[in-house]
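Please read the following report alongside the sequence and the model.

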Amino acid sequence: MPSLPLLAQATVAKHNTPKDCWVTLFNRKVYDVTSFLDEHPGGADLIYPYAGKDVTEIMADRSSHDHSESAYEMLDEDMLVGYLATPEEEKELLNNKNNVDVEVKLTGEESFNMYEFHDKLPAEHLLSVQTDYDDDVKKHKFLDLNRPLLMQVLTGGFTKEFYLEQVHRPRHYGKGSAPLFGNFLEPISLTPWWVVPLVWLPPNLFLFYLGMKENHWLVALSFWVLGLFVWTFVEYCLHRFLFHLDQYLPDHPIFLTLHFLLHGIHHYLPMDGYRLVLPPTLFVVLAYPFYRLIFGIFPYSWALSGFAGGTLGYIMYDVTHYVLHHAKLPGYLQDVKTYHLEHHYKNYEMGFGVTSRFWDVIFGTEITGTYDKNQ
């Protein structure tokens, strides 16, 4: 398979002369049409104004020149030279800090189908390459990332089997966050990672303070540590038995939509930085039963320390979850990151521990096999 570079916009724009003419299509695919200029049925003069620019609109304009499907196929077969980086990719993926031409090669084993599961993780920078929306919809007949997603799940008529197969094949929107509701409800689906410690650390520290005040310090710390440990089990159970209630879902659009809203969207778009932590309202809903249980079983003073430990575990979990998707980490933490990405890109039915694999080992759901720590 030939090398296909990921190209910065500035690089493409420089190829803007009759002797060196590049154009883009759908603001994604980059074509070298230099050798085709003299063969163009409408004449080279129609192409010159678009050298170094996008031709999507003019190719679709029948009043200018009618293009058949074979014209698009010819571009892909004979003139495709690379892919245009989105502004987000230029900033985060290409890391073009010195404002120079940057080309990241998508070659060899890195060029395999990102929609399939593999024995080996893809190179980490490939996880943030934008999905070709049109090709994805045409090939998989699932969701269009350009349109609000939730209503498509509700009205798409998908069977449970098809839905589960597709929703666990990761895509990447590449332009921030894909629309979920597409209306005034959109903001409540987006939560920056820093909201979690900002909102929950102050009341958590206050609970810890009350626990220390009500108990001997050794008793308070003991229940705090117990709460922290119990959280790791709760984290595992929530992820495995609630978020991945996959095979037990009723085969009905409403239940598939609820699944998508709760956790499916995260597997569909795992690198979406604004949908990696729980919105505060959803955390309250999930935490309330545990609050009633803990304060119902234990004396009030013990419950304060235990609940403080448990909620601190949650805060650490959510922040860790964001970091595992979006930060380069050292040593052990990089291993934890790779393990979690294997859950997304290798086997979503295993590897439910996020902050550690302890309970995966205990319950036999550990993802095993070798992986490259340098990816």
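## Salt bridges and their surroundings

Glu342 and Lys346 are both buried, where buried stands for under 20% relative accessible area, exposed for over 50%, and partly exposed for what lies in between, with a 1.4 Å probe and protein chains only. The side chains of these two residues, Glu342 and Lys346, meet in a salt bridge with an N to O distance of 3.1 Å; the term salt bridge is used for a side-chain nitrogen of Lys or Arg within 4 Å of a carboxyl oxygen of Asp or Glu.

The model is predicted, so local features need pLDDT of at least 70 and side-chain atom pairs count only at pLDDT 80 or more, while totals for chains, interfaces and linings use all residues. Residues are numbered from 1 along each chain as its sequence is written, and side-chain values use heavy atoms, with hydrogens and water left out.

| Pair | N to O distance |
|---|---|
| Asp136 and Arg171 | 3.1 Å |
| Glu342 and Lys346 | 3.1 Å |
| Arg357 and Glu366 | 3.2 Å |

Asp136 counts as buried because its relative accessible area is 2%, and Arg171 is buried with a relative accessible area of 2%. In the pair of Arg357 and Glu366, by contrast, Arg357 is partly exposed, with a relative accessible area of 26%, and Glu366 counts as partly exposed at 25% relative accessibility. Elsewhere, Glu186, Asp272 and Arg275 are joined in a network of salt bridges.

Arg275 is also among the residues touched by His266, together with Leu276, His321, His325, His340 and His344, when residues up to four places away in sequence are not counted; contact here means heavy atoms within 4.5 Å. His266 is found in helix H10 and is buried, with a relative accessible area of 5%.

## The chain as a whole

The protein chain has 14 helices and six strands, and buried residues make up 46% of its 375 residues. Of the contacts with a separation of 6 or more, 71% are between residues 24 or more positions apart. The chain exposes about 19,600 Å², of which carbon and sulfur atoms supply 62%; accessible areas come from the Shrake-Rupley method with a 1.4 Å probe, and for residues only the protein chains shown count as cover.

## Nonpolar cores

In soluble globular proteins, nonpolar side chains tend to be buried together. A nonpolar core is taken here as a set of buried Ala, Val, Leu, Ile, Met, Phe, Trp, Tyr and Cys residues joined through side-chain atoms within 4.5 Å. The largest such core has 20 residues, of which Leu143, Leu145, Leu149, Tyr163, Phe260, Tyr268 and Leu269 touch the most other members. Helix H6 (149–155), helix H7 (160–167) and helix H10 (253–268) are the elements that give two or more residues to this core, and H10 gives the most, with four residues. Leu269 touches Leu145, Leu149, Arg171, His172, Tyr173 and Ala178, again not counting residues up to four places away in sequence. A second, separate core of 17 residues includes Leu238, Phe243, Phe283 and Tyr317.

## Annotated positions

Under "binding site", an unreviewed UniProt entry lists His40 and His67; UniProt positions are given in the numbering used here, feature names are shortened, and annotations may be inferred rather than shown by experiment. Although the two are spread over 28 residues of sequence, they cluster in space, with a largest C-alpha distance of 11.0 Å. His40 lies in the loop between strand S4 (29–32) and helix H2 (56–60), and counts as buried at 11% relative accessibility. His67 is placed in the loop between H2 and helix H3 (69–79), and touches His40, Ile58, Met59 and Tyr72, not counting residues up to four places away in sequence.

## A nonpolar surface patch

Leu226, Phe229, Val230, Phe233, Phe358, Ile362 and Phe363 form a nonpolar patch on the surface, with about 630 Å² of accessible area together. Patches are made of residues with over 30% relative accessible area and no salt bridge, with like charges joined within 9 Å and nonpolar side chains (Val, Leu, Ile, Met, Phe, Trp, Tyr) within 5 Å. Helix H9 (217–243) and helix H14 (358–363) are the elements that give two or more residues to the patch, and H9 gives the most, with four residues. Phe233 belongs to helix H9 and is partly exposed, with a relative accessible area of 33%.
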